[in-house]
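Student: I would like to go through this model with you, one region at a time. Could we start as soon as the structure is on screen?

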Amino acid sequence: MITPALPLPHERSASADESITAWALAARGGDSQAVDHFVRALHRDVIRYVAHLCADPQAVDDLAQDTFLRALGSLHRFEGRSSARAWLLAIARRAVADSIRYTAVRPRPADLPDWEPAAELAQPRGLPGFDDGVALQELLAGLPDERREAFVLTQLLGLPYAEAAALSDCPVGTIRSRVARARATLIALLAEAEEREPALAAA
């Protein structure tokens, strides 16, 4: 069953962002424990953001790893003027863009059957929350790229609108408009899906 309610923004306090930024600054100074805290605190956010930007689910882990490698290599340039989370998500965005550009110019491989998607399709579907999560992923995938990115940044990852706007290189009002339109579209699609469910069950 698809839950009609949209997810609430990811809970994250300003003090948590300050802690993460402090870890990034300490990591810049060579504190290995701070590096570990920084990576652990933001790993899930990076995975989720990359997954929504990237068309290839098989590339998500590699892109997340690339993001952290780039970030750790650039920590000496991080001065804390923005939150470390916004800074890292900007790096993730560039990593995905670079990957898309690279894929566009790379020769296409032979058209052979791919066993990995087939194996994923064979995974059990009765796990709690699985169907809802897949349904939301499918609905988000149907949104225009800019609206999906704005929605993911603010509603799923909990980034403030101003930081999402800076990351997306557009005015705050544009981000608010994209989120509002994305929410309206998702609510309408979820309502349609709820209406179809009884008919499908009766068939």
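**Aromatic rings, a buried arginine and the core**

Tutor: Phe78 counts as buried, because its relative accessibility is 3%. Please keep in mind that this is a predicted model.

Student: How many aromatic pairs are there?

Tutor: The count comes to one aromatic pair. Phe78 and Trp87 form this pair, with 4.9 Å from centre to centre and 40° between the planes. The pair is classed as tilted, because an angle under 30 degrees would count as stacked and one over 60 as edge-to-face.

Student: And Trp87, is that buried or exposed?

Tutor: Trp87 is buried, because its relative accessibility of 17% falls under the 20% cut-off.

Student: Which ring does the charged end of Arg176 sit over?

Tutor: The charged end of Arg176 sits over the ring of Tyr161, at 4.3 Å from the ring centre.

Student: Changing topic: where is Arg85?

Tutor: Arg85 lies in helix H4, which covers residues 84-105. Arg85 is buried, with a relative accessible area of 2%.

Student: What does the side chain of Arg85 make a polar contact with?

Tutor: The side chain of Arg85 makes a polar contact with the side chain of Asp17 at 3.1 Å. The Arg85 side chain also reaches the backbone oxygen of Leu157, at 2.6 Å.

Student: Now H7. What should its 12 residues span?

Tutor: Helix H7 (residues 145-156) should span 16 Å at 1.5 Å a residue, and the end C-alpha atoms are 15 Å apart, so the two values agree.

Student: How many of the residues of H7 are buried?

Tutor: Nine of the 12 residues are buried, so H7 is mostly covered. Among them are Arg148, Glu149, Phe151 and Leu153. H7 is followed by Gly158, whose phi is positive, near 75°.

Student: Which residues touch the most other members of the largest nonpolar core?

Tutor: In that core of 45 residues, they are Phe38, Val46, Tyr49, Val50, Leu89 and Leu153. Several helices each supply at least two residues of the core, including helix H1 (14-28), helix H2 (32-53) and helix H9 (172-202). H4 gives the most, with eight residues.

Student: What is Val50 in contact with, leaving aside neighbours within four places in sequence?

Tutor: With those neighbours left aside, Val50 is in contact with Val60, Leu63, Thr67, Ala92 and Val96. As general background, nonpolar side chains tend to be buried together in soluble globular proteins.

Terms used. Residues are numbered from 1 along each chain as its sequence is written. This is a predicted model: local features need pLDDT of at least 70, side-chain atom pairs count only at pLDDT 80 or more; totals for chains, interfaces and linings use all residues. Side-chain values use heavy atoms; hydrogens and water are left out. Rings of Phe, Tyr and Trp (its six-membered ring) pair if their centres lie within 6.5 Å; planes under 30 degrees apart count as stacked, over 60 as edge-to-face and the rest as tilted. Buried means under 20% relative accessible area, exposed over 50%, partly exposed in between (1.4 Å probe, protein chains only). A charge sits over a ring if NZ of Lys or CZ of Arg is within 6 Å of the ring centre and within 35 degrees of the ring normal. Helices (H or I, at least four residues) and strands (E, at least two) are DSSP runs, numbered from the N terminus. A polar contact is a pair of N or O atoms within 3.5 Å; within protein, one must be able to donate a hydrogen and the other to accept it, and residues adjacent in sequence count only if both atoms are side-chain atoms. The expected span of a helix is 1.5 Å times one less than its number of residues. A nonpolar core is a set of buried Ala, Val, Leu, Ile, Met, Phe, Trp, Tyr and Cys residues joined through side-chain atoms within 4.5 Å. Contact means heavy atoms within 4.5 Å.
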